[in-house]
Amino acid sequence: MKKPLQIGLTGAIGSGKTTVAKLFETLGIPVYYSDDRSKNILQNNTLVKNKIVQQWGNSMLDAQGNIDRKALASLVFAQAADLQKLNAILHPLVADDYQLWLHQQKGVPYIVKEAAILVESGSHVHCDKIIVVEAPERDRLTRVMARDDVNEKKVQQRNAQQMPQSEKIKFADYIIHNTDQKLLLPQVMEIHRKLIQEHGNCNSATK
Ligand code: ATP
C-alpha cells in the first residue's frame, strides 16, 4: 500500500489554517494539528517542564506546579530569542510525536500537517506539497482579536514573530485565498482532487 503524501498547511496568524484544516477533515483526511500537539506536550511532558524551569525559573509555573502558559507566552512573544529557546526545547518532541502519528495513518491518499511555523521550523522540507492560506492583514488581525479576545497590539506582537505572509507564499504549491469574496470549500475540494491524483501518479510504494 502506498504511503500517504505529507501535505504541509501553513499561513500567517489568523489566516484561517485551522478553519481550512477542518474542511480537509470533513473530506476524510487526517490532520495533525502541530500547535495543539505542542501545547499538549508543553502541559504534560515532565522533561519539557523541567527544561523550562531550568531556563526561566519557577515563575513559569502556576499554583498547581504546571506550566503557566500565559506567563510563558508573554515572555516568548516579547523576545524572539526566548521564543527560539522554547522552540528548541519543544521541536524535537513534536517531531517525534508527528512521526508516531504519521505511522498510524494508513489507507489515505494524503495527510495534512497544520503548522503556523512550518517554514520557520524547517519542517516544510519533509512535506511533499505545501498549502499556504492567505488573507488580508486587516481581516487576520480583526479575526484573531475577536477569537482570542485580545487587543491589536498583542496580535501584532505575535504576527511580528512569524515570517511575513508575502514570504510564506513563496513556498506554496497551492494557495488558498480566505477572503470574503472567495468560498473556502471549493478551493479545498480542488486541491483535494489534485492531491488524490498526485498520490495515484506516485509510483514509489515507499514515498
Ligand atoms: P492562528 O494563526 O492563530 O492559529 P489560524 O490561521 O488557524 O489562526 P483560524 O483559527 O482558522 O486561523 O481563523 C481565525 C479566526 O477567524 C477564527 O475565529 C475563525 O473562525 C475566523 N475565520 C476564519 N476564516 C474566516 C472567514 N472567511 N470569515 C470569517 N471568519 C473567519
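Helices (H or I, at least four residues) and strands (E, at least two) are DSSP runs, numbered from the N terminus. The model is a predicted one, in which local features need pLDDT of at least 70 and side-chain atom pairs count only at pLDDT 80 or more, while totals for chains, interfaces and linings use all residues. Residues are numbered from 1 along each chain as its sequence is written, and side-chain values use heavy atoms, with hydrogens and water left out.

**View 1. Overall fold of the protein chain.** From the N terminus on, the order of elements is β-α-β-α-α-α-α-β-β-α-α-α-β-α, made up of nine helices and five strands. The radius of gyration (taken over C-alpha atoms) is 18 Å, close to the 17 Å that the globule rule (2.2 Å times the number of residues to the power 0.38) gives for 207 residues, so the chain is as compact as a globular protein of that length. Along its principal axes the C-alpha trace spans about 55 × 40 × 25 Å. Of the 207 residues, 42% count as buried, that is, under 20% relative accessible area with a 1.4 Å probe, protein chains only.

**View 2. The crossing of helices H6 and H7.** The axes of H6 (residues 137-148) and H7 (residues 152-161) come within 9 Å and cross at roughly 120°; axes are lines fitted to C-alpha atoms over the stretch in contact, and angles run from 0 to 180 degrees between N-to-C directions. Contact (heavy atoms within 4.5 Å) is made by Glu137, Arg138, Arg140, Leu141, Val144, Met145 and Asp148 of H6 with Glu152, Val155, Gln156, Arg158 and Asn159 of H7.

**View 3. Surroundings of Val144.** Val144 is found in helix H6 and is buried, with a relative accessible area of 1%. Residues up to four places away in sequence aside, Val144 touches Ile13, Gly14, Asp149, Val150, Val155 and Arg158. Val144 and Ile13 lie 131 residues apart along the chain, yet their C-alpha atoms are separated by 7.8 Å.

**View 4. Surroundings of Ser34.** Ser34 is placed in helix H2 (residues 34-44). With a relative accessible area of 8%, Ser34 is buried. Apart from neighbours within four places in sequence, the contacts of Ser34 are Val94, Lys113, Glu114 and Ala115.

Note on methods:
Buried < 20%, exposed > 50% of the residue type's maximum accessible area, 1.4 Å probe, protein only.
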